[in-house]
Amino acid sequence: MVSSSRIQCKGAADALGYCHPVRRWWVGDDDDDDDDDGDGDGDGDDEGKEGVAVNASGVDKSHACELVAISPYPTAEATWPSSAFLLGSDLKLKPKSKPDVEPCKQTTHFQMLHFEGSLDWVFLPVLSTSASLVSTKPLFSPMSSLTPQVDSGESLPPPPPPLTFSTSLFRQISPALYLQRHLLHSPPTRPNGRSPSQCRDFTLTTNSLSHAHGSAVVRAGDTAVVCGIRGEVLTIAPGDDPSRFESYHSSPTSATHACGSRGAGGASWGGLIVTNVELSTGCSKKYPLGPPGGLAQTLSDQLHELVNVTKLVSLDSLRIYDREDYSDVTPNAKIKGYWSLYIDVLCISLDGNILDAAWYAIVAALKSSRLPLASWNQTEERVFCDSSLYHPLSLRRSLPFTTTFALISLPHSDDNGGGTTVLLNDPDSYEEDEACEFLTILSTTDFEIVEGELSRSPLAGLRTRVEKIEKRGGCKIGLRQIESCTHQATSKAARYIQSLMKEQLTPI
Amino acid sequence: MAAKAPDRRRNNPPSHGTTPPVFLSSSSGPVKPKQSSRPPDEIRKIFLRTGLISSVTGSSFLEIAPLKLSVSVLGPRPLPRTSSTPFAAQAILTTEVKFAPFASTVRRGYIRDSSERDLGSRLYQALVGAIRRELYPKSRIEVVVTILDSEDEGDDVNTVYIEEGKTTVETKFWDAGRSERALGVVLAGCITAASAALADAGIEMFDMVSGGVATSFVDEVSLKGKDRGDAVSNKLYVRDPAIVPPEGKAPLATCVLGYMAARDEISELWISGKVGTKNGTAEMDELVDEAIAAARSARGVLNEASKERVKFIVDKSGTAPPTEGGTTDVEMSG
Amino acid sequence: MTSSPLVPEISLNPLPQSDGSCQYTCPTSRTTILTSVNGPLEVRPKDELPNHATIEVIVKPGIGVAGVRETRLSSLIHSTLKSLILTNHHPRTLIQVVAQIVQAEDHTSLPLLLTPLLNCTILSLLIAGIPMRTVGWSVHLAVLQHPPKTVKTAEGQVFRLGRGGEDEMETEESEQIVVRNPNGEILGQAESSHTVTFSKEGEVLLIESMECSQGSGGQSADGQGWDISDFLRLAEEGKRICCEEGVEIIREALADRKVF
């Protein structure tokens with residue numbers, strides 16, 4: 001009986017109107033369903049037929065702050081914000097009368113209030129009597145009957161059956177608790193079925209686009225990105241000194257400022273490669289359309305910095321010389337221009353950890369790029385390309401890869417009272433929403449390749465070299481955990497390289 | 001090259017300014033682009049799949065030869081609560097069409113240009129009549145199309161030819177209707193894919209709209225002659241035309257339409273080019289009929305994709321429980 | 001204030017109209033930041049959080065208009081402040097932090113700007129009386145090859161990392177030195193740059209480390225980077241600096257104001 005009881009949700013265009021979708025929840029046995037619907041209609045609630053269990057589209061995160069509340073756990077930290085009382089009393093939900101149900105099958109109505117960002121959802125159980133729901137006091141009195149059923153539970157049989165949620169409902173209404181429950185299980189398993197250190201499977205397709213000089217499509221779980229690379233020619237004007245392009249770091253001016261004034265610098269080797277991320281492609285309903293928001297801008301800057309920090313593209317293949325004959329590379333050929341690479345990453349589907357996917361797509365796309373052979377034409381005084389001859393970009397030999405972790409803290413582990421933390425490799429967006437601490441490691445590992453197969457262990461004597469660490473938000477991570485993360489990064493790099501080899505892109 | 005105002009929300013190109021690569025073709029008779037062997041009344045194979053993006057309400061991905069586009073449908077969701085939001089008894093539909101920067105021969109910027117806005121408004125016209133907007137009051141439905149790859153003018157636009165030692169920038173294989181044809185194929189693809197995505201989102205429609213495109217061609221010689229009116233008889237209608245015109249033919253007019261097959265209604269019609277004056281109505285009817293035939297073929301694909309999706313959902317919910325919901329390793333009671 | 005290479009110049013409340021403000025000058029790179037904190041203020045309904053305060057961080061560049069770099073800096077500071085400020089004390093309000101880069105050697109260099117920005121922000125939050133869980137301090141460390149070519153470093157700015165009693169490593173150890181608060185010139189020769197931020201209790205708040213060796217002439221960048229154990233020793237040293245010296249600097253700066 002207990003297990004069969006479930007929560008149903010009825011989307012009701014209620015007193016607050018369509019823009020404030022008030023959802024009414026009640027627990028009942030399955031065989032009550034028809035009665036419930038009938039009652040709903042009797043109440044003048046037209047959406048009676050829509051009273052289905054909440055699914056992914058039922059509770060929309062973007063509506064969340066209008067939904068009304070709930071946690072079955074009156075935990076110690078559970079604070080009762082005053083707004084709960086206010087909203088609870090202001091809503092004036094019509095009481096649902098259920099005359100034909102026996103007392104043991106008493107239906108409990110709930111009103112939900114969601115508090116964005118809070119750990120604790122507050123359940124406001126409303127007994128299904130015709131009593132007025134407007135008063136605040138009785139709303140909280142039955143809380144004691146809602147304590148979670150302890151596993152050891154021998155002893156007193158609690159008369160009202162404990163609340164039971166369907167998995168999908170629990171997932172929606174209390175993400176933090178849902179995640180903690182999964183991770184406290186032994187062995188810890190994430191809601192998506194992975195172990196904490198397991199990353200998602202990914203697929204890679206390169207050079208599937210016709211107009212890009214190099215392209216890659218990466219799909220990791222439900223995150224999908226497309227990276228396209230286009231080369232354009234930067235011609236050095238007669239008065240300009242090409243030497244500034246030969247060093248990596250730009251001269252001290254603001255990036256936006258430099259663009260306006262030609263002489264002010266700003267362009268350097270690193271500046272030749274322009275990396276941008278576009279998220280306004282309808283990749284997720286959480287990300288608004290329109291100009292890039294904070295996330296897209298931060299990502300663009302991060303990826304731009306990654307390209308520069310790793311010095312991924314060596315300058316050799318970007319120089320355009322003053323020569324007619326391609327085969328003859330004279331050392332004193334004059335540099336007439338450079339290839340400027342536009343790296344554009346479009347996120348098609350966003351489900352967390354876009355940085356890793358985007359970076360991997362960039363590496364693979366650069367690896368697969370073919371630029372037309374360009375040279376300076378003396379008579380026309382401009383750079384022309386050959387339409388039949390292409391050359392690959394020369395990248396650095398050992399490729400660096402990023403690995404991102406999200407840290408979830410578990411406030412109450414069963415054994416000790418102290419909080420523990422779990423590091424989740426390659427978080428999806430559900431996990432990202434709950435985590436407040438992120439760690440990204442950019443590392444390089446040289447693997448031994450034996451007969452086209454990647455040996456499982458890194459080359460003897462060579463350890464993983466870390467080139468960038470970024471840890472942001474939160475305060476729970478320990479330095480030792482960072483060390484263990486680099487080991488996970490190494491194993492992930494091996495998988496990256498293997499899939500590159502599958503695409504006929506030899507890493508070396 | 002004049003530096004444009006920097007975009008302060010993105011990384012900007014080097015301040016020196018860059019130019020797209022220009023190809024030099026030295027051969028006097030450059031190789032003609034290859035012809036397709038497809039009969040004129042057959043459309044290209046369409047790959048259409050829906051529901052690939054899990055984080056939006058509805059989505060679809062469409063591929064017709066080089067054209068690749070992804071559509072996501074957001075909503076219906078409430079209108080933003082600002083004081084300026086007017087009351088809307090019907091859902092407000094917005095459509096956005098954006099080419100990826102690497103989707104065409106000339107690199108596009110991130111700011112939408114006029115052709116993208118034009119495609120967006122045409123897509124809006126094609127869809128707005130099909131959606132039962134009165135069922136979704138005070139809400140908005142957003143359709144976002146991202147074009148990842150397309151067939152467009154081709155390398156001709158940035159190729160310089162050398163003839164008798166001198167260079168010429170004159171494009172060799174250029175015909176007047178080329179860009180319209182390219183945009184038409186894109187628009188037809190957008191319409192078909194957007195309908196599939198709307199259906200995937202579960203948004204009620206009167207009928208699914210499919211896009212069709214057809215072009216009328218005449219012999220190149222007859223176009224040059226004086227007696228153009230006589231050329232009506234030997235017109236060649238090509239459904240879903242490729243960018244390269246058939247051998248020895250010159251394009252006259254291109255017609256793109258959004259068509260609801262079950263209701264036999266046209267929701268959007270766009271004809272560009274020359275439609276003869278003498279028996280103009282007949283000519284136009286023929287052209288529209290050809291486009292409708294192309295749209296009907298696309299509708300078949302649309303139906304299949306929708307059926308496939310429904311079957312997938314039924315299979316998933318019927319037999320095997322979804323992986324996420326099916327985990328029983330966590331105590332859920334409480 | 002003495003011009004020690006390790007002690008920043010701090011001037012409190014230069015902007016009397018704001019709830020709390022601070023001007024901070026890095027002693028070596030002369031990077032000057034001016035921050036102002038206002039709060040708790042009324043929050044826009046769009047940004048309102050039901051039981052937390054909304055934190056808004058705006059970084060204004062010294063030159064030109066703000067770009068992606070400034071947005072990234074804001075988001076880094078924002079994520080750090082989120083774990084410091086007790087946001088549940090002022091629910092449904094706004095705490096606004098505005099940081100103006102007054103002077104910098106390199107207005108696009110993230111490592112040179114991040115430490116002054118963070119330290120200055122934390123000081124102004126203290127003055128504004130925003131309830132915080134703890135305080136944090138940030139230090140910027142650059143790793144250089146041992147004989148620094150031409151750079152001038154002040155006394156106390158340079159130290160080496162001790163290795164736990166492994167004699168054969170001694171030779172390797174002498175190859176690298178660590179410079180605190182490097183200026184642009186030193187950073188230009190550095191192999192890697194590490195900005196570490198720790199709270200008073202020694203919790204890791206923010207780490208932003210990156211390889212920054214100059215690639216010249218398009219040479220291959222293979223073999224760059226550092227070993228994770230080297231980093232951990234560096235981070236331990238950074239933790240010591242933040243928790244001891246950093247907290248002392250805050251204490252001294254605020255001594256007159258009876259904040260502690």
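**Close-up views of a predicted model**

**View 1. Helix α11 of chain A meets helix α5 of chain C.** α11(A) passes α5(C) in a right-handed crossing. Everything shown here and below comes from a predicted model. On the chain A side, look for L479(A), R480(A), I482(A), E483(A) and T486(A); they meet I228(C), L232(C), A235(C) and E236(C) of α5(C). Sorted by class, the residues of this contact are five nonpolar, one polar and three charged.

**View 2. Helix α5 of chain C, followed from end to end.** This helix takes in residues 228–253 of chain C, 26 residues in total. At 1.5 Å a residue it should span 38 Å, and the 35 Å between its end C-alpha atoms agrees with that. Follow the helix to C242(C) and you will find a bend of about 30°.

**View 3. Two helices of chain B cross.** Here α1(B), residues 114–128, and α2(B), residues 178–200, have axes that come within 10 Å and cross at roughly 45°. The two helices are therefore oblique to each other, and their crossing is right-handed. From α1(B), the contact uses S115(B), L119(B), R122(B), L123(B), A126(B) and L127(B). Facing them from α2(B) are L183(B), V186(B), L187(B), C190(B), I191(B), A194(B), S195(B) and L198(B). By class, 11 residues of this contact are nonpolar, two are polar and one is charged. A handy rule for reading such lists is that an α-helix has 3.6 residues a turn, so residues three or four places apart point the same way.

View 4. G75(B) and P76(B) are joined by a cis peptide bond, with omega about 5°. P76(B) belongs to strand β4 of chain B, which runs over residues 67–78. Now turn to A65(B), which sits in the loop between β3 (58–64) and β4 of chain B. The phi of A65(B) is near 45°, a positive value in a residue other than glycine.

View 5. P40(C) lies in strand β3 of chain C, residues 32–41.

How values were computed: Residues are numbered from 1 along each chain as its sequence is written. Chains are lettered from A and ligands numbered from 1 in the order in which they are written. This is a predicted model: local features need pLDDT of at least 70, side-chain atom pairs count only at pLDDT 80 or more; totals for chains, interfaces and linings use all residues. Side-chain values use heavy atoms; hydrogens and water are left out. Axes are lines fitted to C-alpha atoms, for helices over the stretch in contact, and angles run from 0 to 180 degrees between N-to-C directions. Helices (H or I, at least four residues) and strands (E, at least two) are DSSP runs, numbered from the N terminus. Angles under 35 degrees count as roughly parallel, over 145 as roughly antiparallel, 65 to 115 as roughly perpendicular and the rest as oblique. A crossing is left-handed if the near helix is turned anticlockwise from the far one by less than a right angle, and right-handed if clockwise. Contact means heavy atoms within 4.5 Å. Ala, Val, Leu, Ile, Met, Phe, Trp, Tyr, Cys and Pro count as nonpolar, Asp, Glu, Lys and Arg as charged, and the others, Gly among them, as polar. The expected span of a helix is 1.5 Å times one less than its number of residues. The bend at a residue is the angle between axes fitted to the seven residues ending there and the seven starting there.
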